[in-house]
Amino acid sequence: MPKFFVEPHQIKDNLIQVIGEDAKHIKTVLRSREGEEITLCDGLGTDYFCRIASLEEGVTAEVLSSEPCQSEPKTKITLYQGLPKADKMELIIQKCVELGVDRIVAVSTERCIVKLDKKEEKKLDRWQKIAEAAAKQSGRGKIPEIAPKVLRFSEALAEAKNLSGAIIPYEKEEYRGIRSFVEGFAGNEVGVFIGPEGGFTEEEIQGAKDAGVLPVTLGKRILRTETAGMTAIAILLYELG
């Protein structure tokens, strides 16, 4: 059943109004008809199972039933991703949203080659749209947020102090794996720091340690930046739910 997101203010009594591009998609791409069923989500974790009541002035759907979305993980993961080259960020966002990430923050580090500068606002807007599309495709109960600005590494470390814990995969860490981190973890918010193509400098790793971020190993092989975040998130959600 097709699933779309709506804002809470679009839900009134037993009717939900779908507008904009989603309404256009329902009518012209899916070619839906009155009486057909769709799933709408308020972006706050509730799914509404609906029947299309009208295709005039957008799409009006009648609520048949509702329930908490079953696809949202209990552990909220924030990915702090060092800016990668080319379009790798788009792949990272798409796949990490599918896996269950809660929020993604683009981070500028010492070895980042990419500098967004004047393109930052446009890029962030595009990345948010990619997150929304991935959330729809994967049946998420919310659209993960793409942070509205690129943070410096020091800023990201300061922000992560507000979480229950954080890890930073590092190729020189030989003993502590994610399972070791999980065994001593009692919270529900985790930060994951991933470096760009060149990885983190030793000074950045020391800064992370000083901020309480734990270096971990992802195994004996060196993973690409677009693979490392997905791997860490998948392991964390498998272990923590």
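**Sheet and cores in a predicted model**

User: In what order do the strands of the six-stranded open sheet run, and which are its edge strands?

Analyst: In this predicted model, six strands form an open sheet with mixed pairing, in the order β1-β4-β5-β6-β3-β2. Pairing on one side only marks the edge strands, and these are β1 (3-5) and β2 (11-12).

User: Which residue of β3 does Lys 12 stand opposite?

Analyst: The strands β2 and β3, the latter spanning residues 15-18, pair in the antiparallel sense over two bridges. Within β3, the residue that stands opposite Lys 12 is Leu 15.

User: What angle does the direction of helix α1 make with that of β1?

Analyst: Helix α1 (residues 20-29) packs on the sheet, where it touches β1, β3, β4 (37-41), β5 (46-54) and β6 (59-68). Its direction and that of β1 make an angle of about 160°.

User: Which element gives the most to the largest nonpolar core?

Analyst: The largest nonpolar core has 39 residues, of which Leu 79, Ile 93, Trp 127, Val 192 and Leu 236 touch the most other members. Elements giving two or more residues to this core include β7 (76-82), α2 (88-99), α3 (120-138) and β12 (189-194). The element that gives the most, with seven residues, is α7.

User: Which residues does Val 192 touch, not counting residues up to four places away in sequence?

Analyst: Val 192 is one of the residues that touch the most other members of the largest nonpolar core. With residues up to four places away in sequence not counted, Val 192 touches Ile 77, Thr 78, Leu 79, Tyr 80, Ile 167, Ala 232 and Leu 236.

How values were computed
Residues numbered from 1 in each chain as written. Predicted model: local features only at pLDDT ≥ 70, side-chain atom pairs only at ≥ 80, totals over all residues. Heavy atoms only, no water. Core = buried A, V, L, I, M, F, W, Y, C linked by side-chain atoms within 4.5 Å. Buried < 20%, exposed > 50% of the residue type's maximum accessible area, 1.4 Å probe, protein only. Helix = DSSP H or I, 4+ residues; strand = E, 2+ residues; numbered from the N terminus. Contact = heavy atoms within 4.5 Å. Pairing = 2+ DSSP bridges. Axes fitted to C-alpha atoms, helices over the stretch in contact; angles between N-to-C directions.
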